[in-house]
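Colleague: I would like to learn how to read a strand, a sheet and a pocket from a model such as this one, starting with a single strand. Could you take me through it step by step?

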Amino acid sequence: MRIVIAGGHGQIALRLERLLAARGDEVAGIIRRPEQGDDLRAAGAEPVVCDLESASVEEVAELLRGADAAVFAAGAGPGSGTARKDTVDRGAAVLFADAAVRAGVRRHLVVSSMGADPAHQGDDVFDVYQRAKGEADAYVSGLDALDWTILRPGALTNDPGTGRVRLEADTGRGAIPRDDVAAVLTELLDTPATAGLTLELIGGSTPISVAVKSVAGN
């Protein structure tokens with residue numbers, strides 16, 4: 001497969017790129033800064049420089065044409081203010097989805113956030129983040145031209161992955177290693193029957209492949 005990942009230099013994205021490249025997929029990661037390119041190449045991915053805060057839908061669609069799947073893993077990141085929660089966590093996610101529709105790339109994964117809700121109340125940065133992610137999820141899930149799956153991980157850690165998770169529509173709060181998030185995304189890419197699902201993800205006792213097959217109804 002050819003897979004294009006928005007937010008290609010993110011911690012989950014780099015892990016995902018390594019997994020996909022190692023099994024022979026063609027991976028491109030969209031990054032804002034050219035100096036991030038070496039990290040992507042080391043992970044086996046092709047770096048593509050594009051600022052999703054200023055690019056047009058058509059520009060991003062050009063990057064997606066010919067892909068088999070798109071993954072939105074971008075985020076404004078810790079330390080960013082409320083303005084960038086809107087322009088990246090909401091705006092870039094919407095732009096990327098619109099570009100996928102225009103490019104005819106149906107399979108679309110979104111790395112969201114547990115608790116994302118367009119009706120989330122509050123004005124703190126984290127409140128604005130949860131609302132922005134919720135608005136983006138609501139937009140993507142309303143696009144009939146996409147076979148979308150929205151993944152909402154719990155608290156992210158850098159612990160080594162265990163390969164065992166809890167993946168359900170509603171898991172309750174919990175932590176999850178970034179390694180396991182990337183592994184779940186890989187499995188979701190291979191499981192088109194998960195299209196149309198919004199899933200929460202935390203650490204658990206079920207092997208990843210079994211957990212994904214379970215939510216897919218297999």
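Colleague: Which residues of strand E4 lie on one side, which lie on the other, and are they buried or exposed?

Modeller: In a regular strand the side chains alternate between the two faces of the sheet. In E4 (residues 69–72), Ala69 and Val71 point to one side, Ala70 and Phe72 point to the other, and all four are buried, so that both faces of the strand are covered. Helices (H or I, at least four residues) and strands (E, at least two) are DSSP runs, numbered from the N terminus. Please keep in mind that this is a predicted model, in which local features need pLDDT of at least 70 and side-chain atom pairs count only at pLDDT 80 or more, while totals for chains, interfaces and linings use all residues. Residues are numbered from 1 along each chain as its sequence is written, and side-chain values use heavy atoms, with hydrogens and water left out.

Colleague: How many bridges join strand E1 to E4, and in which sense do they run?

Modeller: Two strands are said to pair if DSSP finds at least two bridges between them. E1 (residues 2–6) and E4 run parallel and are joined by four bridges; across this pairing Ile3 stands opposite Ala69, and the bridge partner of Ile5 in E4 is Val71. E4 also pairs with strand E5 (residues 107–111), again in the parallel sense and over four bridges, and there Val71 stands opposite Leu109. Val71 in E4 therefore has a place in both pairings, as the bridge partner of Ile5 and opposite Leu109 in E5.

Colleague: What do E4, helix H4 and E5 make together?

Modeller: They make a right-handed β-α-β unit, in which H4 covers residues 82–103. A crossover is right-handed if, with the strands pointing away from the viewer, the path from the first strand over the helix to the second runs clockwise.

Colleague: How many residues of E1 are buried?

Modeller: Five of its five residues are buried, so the strand is mostly covered. Arg2, Val4 and Ala6 lie on one side and Ile3 and Ile5 on the other, which leaves both faces covered. E1 pairs with E2 in the parallel sense over five bridges, and Ile5 stands opposite Gly29 in E2. From E1 the chain crosses through H1 to E2, and this β-α-β crossover is right-handed too.

Colleague: Where is Gly24 placed, and is Gly24 buried or exposed?

Modeller: Gly24 sits in the loop between H1 and E2, and with a relative accessible area of 61% Gly24 is exposed. Between Gly24 and Arg106 there are 21 Å in space, C-alpha to C-alpha, and 82 residues in sequence.

Colleague: In which order do the nine strands form the open sheet?

Modeller: The order is E3-E2-E1-E4-E5-E6-E10-E8-E11, and the pairing is mixed. Strand E3 (46–49) and strand E11 (206–207) are the edge strands, each pairing on one side only. Strand E8 (residues 164–168) and strand E10 (residues 197–203) pair in the antiparallel sense over four bridges, with Ile202 in E10 as the bridge partner of Arg166. Leu167 lies in strand E8 and, at 5% relative accessibility, counts as buried; its C-alpha is 14 Å from that of Ala195, which is 28 residues away in sequence.

Colleague: Which residues lie nearest the centre of the largest pocket?

Modeller: Rolling a probe the size of a water molecule over the atoms shows where empty space is left. On a 1 Å grid over the protein atoms alone, a pocket is an open set of points where a 1.4 Å probe fits, with protein on both sides within 12 Å along at least five of seven lines, and lining residues have an atom within 4 Å of a point. The largest pocket has 44 lining residues, and Ala73, Ala74, Gly75, Ala76 and Gly77 lie nearest its centre. Helix H1 (11–22), strand E2 (26–31), H4, helix H5 (125–141) and strand E7 (155–157) each give two or more residues to this lining, and H4 supplies the largest share, five residues.

Colleague: How many helices and strands does the protein have?

Modeller: There are seven helices and eleven strands, and buried residues make up 49% of the 218 residues. The C-alpha trace spans about 45 × 40 × 35 Å along its principal axes.

Notes. Buried < 20%, exposed > 50% of the residue type's maximum accessible area, 1.4 Å probe, protein only.
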